[in-house]
Amino acid sequence: MAWFIFPILCVFLSTLFIFSFLFLRASRFRRLRLPPGNLGLPLIGESLQLISAYKTENPEPFVDERVRRFGPVFTTHLFGEPTVFSADWETNRFILQNEEKLFECSYPGSISNLLGKHSLLLMKGNLHKRMHSLTMSFANSSIIRDHLLVDVDRLIRLNMDSWTGRIFLMEEAKKITFELAVKQLMSFDPCEWTEKLMKEYLLVIGGFFTIPFLLLSSTYRRAIHARSKVAEALNLVVRERRKESYEGKTKKDMLGALLAGEDALSDDQIVDFLLALLVAGYETTSTTMTLAVKFLTATPLALAQLQEEHEQIRARKKQSEDLQWNGYKSMPFTQCVVNETLRVANIISGVFRRAKTDINIKGYTIPKGWKVFASFRAVHLNHDHFKDARTFNPWRWQQNGSGTTSTVHAFTPFGGGSRLCPGYELARVELSIFLHHLVTRFSWVPAEDDKLVFFPTTRTQKRYPIYVMPKKDSRQCKDSDQEEHMTEKVGF
Ligand code: HEM
């Protein structure tokens with residue numbers, strides 16, 4: 001008899017436990033006054049609505065509709081978790097400024113596995129503070145001016161030298177930003193080794209865009225496998241460089257700074273750190289390059305003004321001369337184009353955080369453990385902050401432009417607080433120099449219609465195919481003093 005009662009008792013007790021848990025949680029949430037909203041269906045919440053909106057050229061209705069019904073801070077349920085979604089600049093600022101105190105960064109396990117536990121994006125506490133400032137100091141204005149600029153200019157020109165006929169701009173931009181990152185991090189010029197590294201690395205990137213509940217997909221498994229290959233190759237470089245630094249040979253790159261730093265990082269820590277930097281700077285900058293060109297192509301007046309600005313810079317320098325820091329500093333309209341591209345279509349549409357405690361904000365409570373999403377995109381496309389916000393209008397950023405209001409805090413393409421993007425200046429320089437060489441050396445037309453979509457990431461569906469036509473005499477800018485390609489093979 002006892003054997004018969006026992007399982008029934010177990011079922012009864014666990015049901016009782018689950019119901020009491022749900023009841024207590026629901027009454028706690030009622031007491032807490034959650035932001036209004038809708039949790040959608042059990043488990044999947046509103047993820048499917050979000051995905052289908054962001055797979056189109058106009059994802060805004062997802063947020064607009066909820067803001068209209070519930071206000072700019074609302075509750076939803078995304079990718080398996082209840083989430084407070086903020087489309088409000090003050091709340092976003094509060095979230096960013098209270099990193100570590102009230103909120104902590106939170107990535108799905110799928111992404112953490114690919115980043116590696118020692119990456120800057122996952123680091124916390126004092127180590128994060130020190131490593132963040134080390135990264136900032138590696139990419140600050142004077143380092144860019146004195147060391148990085150020359151390679152940014154050279155490698156962009158070198159890549160463009162092979163452009164002819166039909167190209168996929170997104171692919172070309174990715175190649176450029178990858179080569180720049182490898183050069184800045186480890187001093188490698190493009191070679192067979194960097195090409196192989198990039199092939200594996202692209203598979204890793206593919207894994208970042210896997211939906212968290214599709215972890216068994218072949219894309220994700222391939223990404224994990226490729227990550228270990230990339231890590232292995234980087235490990236060999238780190239070991240080699242550590243040996244060299246014991247012999248007193250140092251290089252002025254990120255790896256050099258990490259090896260010389262006070263923290264005595266292990267090889268594995270350095271590898272995770274480098275790998276995450278490659279991830280952070282590569283897709284972001286190359287997408288912005290491509291989208292700037294797409295928006296300019298659709299806005300001929302802006303393109304003409306940009307061309308004029310760069311032709312003047314070019315006229316001021318001798319033909320074979322590299323682009324210098326003062327050239328970069330005399331591109332005011334280019335900065336307007338960069339800002340506007342980042343405002344209209346930033347690949348980082350916002351950031352996820354997790355509440356470390358119950359947090360009161362704007363009369364509501366975000367319960368401890370809940371996810372929050374600070375949506376930069378929702379603020380950037382809000383008509384209260386940016387006049388005619390959903391139109392690409394680079395002139396709004398001009399000093400006498402009237403297209404922005406309260407922009408200082410509302411415009412956060414590079415985040416803020418203690419996790420402010422350490423590559424923000426470098427990204428601007430890379431984007432500006434890319435546009436300089438593009439508009440002075442080529443004219444182009446789109447090869448096909450291509451749609452901008454926002455899921456699984458911000459990109460154009462067809463990698464933005466264009467026909468490029470070199471302008472007369474542009475080849476005279478060809479780099480005459482290309483450094484020898486590094487052919488030494490490391491890893492793989
Ligand atoms: C257009 C290009 C870029 C955009 C839009 C961008 C945007 C951002 C944003 C919004 C964050 C904050 C993430 C958060 O708060 O969780 C961030 C962080 C970061 N970015 Fe960038 N970024 C760009 C380029 C770069 C470049 C070129 C580098 C390389 C140096 C870089 C390295 C990083 C790193 C390491 C972090 C993590 C910082 C931390 O967690 O402490 N980014 N980026």
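**Close-up views of a predicted model**

**View 1. The bridge between proline 446 and isoleucine 466.** Proline 446 has isoleucine 466 in E12 as its bridge partner. Strands E9 and E12 (residues 465-470) pair in the antiparallel sense over five bridges, where pairing requires that DSSP finds at least two bridges between two strands. Helices (H or I, at least four residues) and strands (E, at least two) are DSSP runs, numbered from the N terminus. This is a predicted model, in which local features need pLDDT of at least 70 and side-chain atom pairs count only at pLDDT 80 or more, while totals for chains, interfaces and linings use all residues. Residues are numbered from 1 along each chain as its sequence is written.

**View 2. The open sheet of three strands.** The strand order is E4-E12-E9, with antiparallel pairing. Strand E4 (165-168) and strand E9 (442-446) stand at the edges, each with a single partner strand, so one side of each is left without a neighbour in the sheet.

**View 3. The shell around the ligand.** Of the 25 residues around the ligand, Ala280, Gly281, Gly415, Cys421 and Gly423 come nearest; a residue is near a molecule if its C-beta atom, placed from the backbone, lies within 6 Å of it. Helix H6 (125-138), helix H12 (267-297) and helix H18 (424-441) each supply at least two residues of this shell, and H12 gives the most, with six residues.
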